[in-house]
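User: I would like to learn how to read the features of a protein model, taking them one at a time. Could we go through the one shown here together?
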Amino acid sequence: GASPHGVALNHRAAESLCPPPAPSLHRTPSLASPYTFLSPTRAHAHHCDTHTHIMVLKLYWNAMSTPSRLVHHFCIASGIEVELVNVDLMAGEQKTRSYLEVNPDGKVPAIDDDGFTMGESFAIVRYLANKHRSPLFPIGQPEPQAKVDMVSEVVKHSILLPTGQLVYNKVIAVALGKPQDKQAIESGEQALNRALASFDGIYFQTDPKFVIGSSITLADVALASALSALSLVDVDLAPYAHISAWFQHMQQTDPFKVAQSPLYAAAAKISPNK
């Protein structure tokens, strides 16, 4: 037979090297049904480390997508090898049948990790942190993990969401020839200013180069992804001294340059004045 990784297995030999796992609900999303459950043989092949076949993680992304850049940045900063697969959002590739097989939600980012597919940026990075034991999200250390998780959620809900409102209405909608939602722009700017002022006063206490603690975490990657997008809509960070100094440092780091810089070239293609 063949394993899900394409490696021929002698199942009797495999069982002698690796005891069968307990019954489990290994599952992978598919278009045909919400989940395709692995057969006992396939589940066993997944369970047994004796026949490991390493495949490079595929990240379906678009440089204009802030959540996409967040996942890419996390991978680079964590030392996780990744193959980028561009999804042309302006052409609607995210709604094609082939892409919907990867992510039925029709959004980016999504990953294909040797046949296991999933979407949602924060869920993706938590999965990758768990699998690769990334120090950016310290799995198995309850208090540090909870702290990083908490601050990352603050960034997600209070900074990333209004950032998305502003970028869509000031850049994307214009490029698509769609009307701008002036009310969304106004409410987004107000929410963002409140969030940045609050964040600036609470974090960067241990080391001004990091949001919390003395090393890079998911919280730094999330904030960097939001602020790189804000540069497209001319948000002035000067009133937020800690954030401004932190971002100047972050922009000089190699993971930032690799993961976030493609945004500017992509933005120039759809909005030449950016």
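User: How many helices and strands does the protein have, and what share of its residues counts as buried?

Analyst: This is a predicted model, and its secondary structure comes to 11 helices and 6 strands. Of the 274 residues, 41% count as buried, while the accessible surface comes to about 14000 Å², with 55% of that belonging to carbon and sulfur atoms. Among contacts with a separation of 6 or more, 63% are between residues 24 or more positions apart.

User: What describes a pair of aromatic rings, and how many aromatic pairs are counted here?

Analyst: An aromatic pair is described by two quantities, the distance between the ring centres and the angle between the ring planes. The count in this protein comes to 7 aromatic pairs. One of them joins Trp-246 and Phe-247, whose rings are stacked, at 6.2 Å centre to centre and with 20 degrees between the planes. Phe-247 also pairs with Phe-256, and because the planes of these two rings stand at 80 degrees, with the centres 5.7 Å apart, that pair is edge-to-face.

User: Are Trp-246, Phe-247 and Phe-256 buried or exposed, and which residues do ring pairs link into a cluster?

Analyst: Trp-246 is buried, at 0% relative accessible area; Phe-247 is buried at 7%, and Phe-256 is buried at 3%. Ring pairs link Phe-199, Tyr-203, Phe-204, Trp-246, Phe-247 and Phe-256 into a cluster.

User: When can side chains of opposite charge pair, and how many salt bridges are counted?

Analyst: Such side chains can pair when their charged atoms come close. The count here comes to 5 salt bridges. In one of them the side chains of Arg-126 and Asp-149 meet at 2.4 Å, N to O. Arg-126 is partly exposed at 22% relative accessibility, and Asp-149 is partly exposed at 24%. Another salt bridge is formed by Glu-189 and Lys-170, with their closest N and O atoms 2.9 Å apart. Glu-189 lies in helix H7 and Lys-170 in helix H6, so the pair ties together parts 19 residues apart in sequence.

User: In which sense do strands S5 and S6 pair, and where does a positive phi occur in their hairpin?

Analyst: Strand S5 (residues 110-113) and strand S6 (residues 116-119) pair in the antiparallel sense, over 4 bridges, and Asp-112 has Thr-117 in S6 as its bridge partner. The hairpin has 2 residues between the strands, and Asp-114 there takes a positive phi near 55 degrees.

User: Finally, which residues make the nonpolar surface patch?

Analyst: Met-90, Tyr-168 and Leu-176 make this patch, which covers about 260 Å². Tyr-168 lies in helix H6 (residues 142-176), and because its relative accessibility is 34%, Tyr-168 counts as partly exposed.

Notes: Residues numbered from 1 in each chain as written. Predicted model: local features only at pLDDT ≥ 70, side-chain atom pairs only at ≥ 80, totals over all residues. Heavy atoms only, no water. Patch = residues over 30% accessible without salt bridge, like charges linked within 9 Å, V, L, I, M, F, W, Y side chains within 5 Å. Areas by Shrake-Rupley, 256 points an atom, 1.4 Å probe, with all protein chains shown as cover. Salt bridge = Lys/Arg side-chain N within 4 Å of Asp/Glu carboxyl O. Buried < 20%, exposed > 50% of the residue type's maximum accessible area, 1.4 Å probe, protein only. Contact = heavy atoms within 4.5 Å. Phe/Tyr/Trp six-rings, centres within 6.5 Å; stacked < 30°, edge-to-face > 60°. Pairing = 2+ DSSP bridges.
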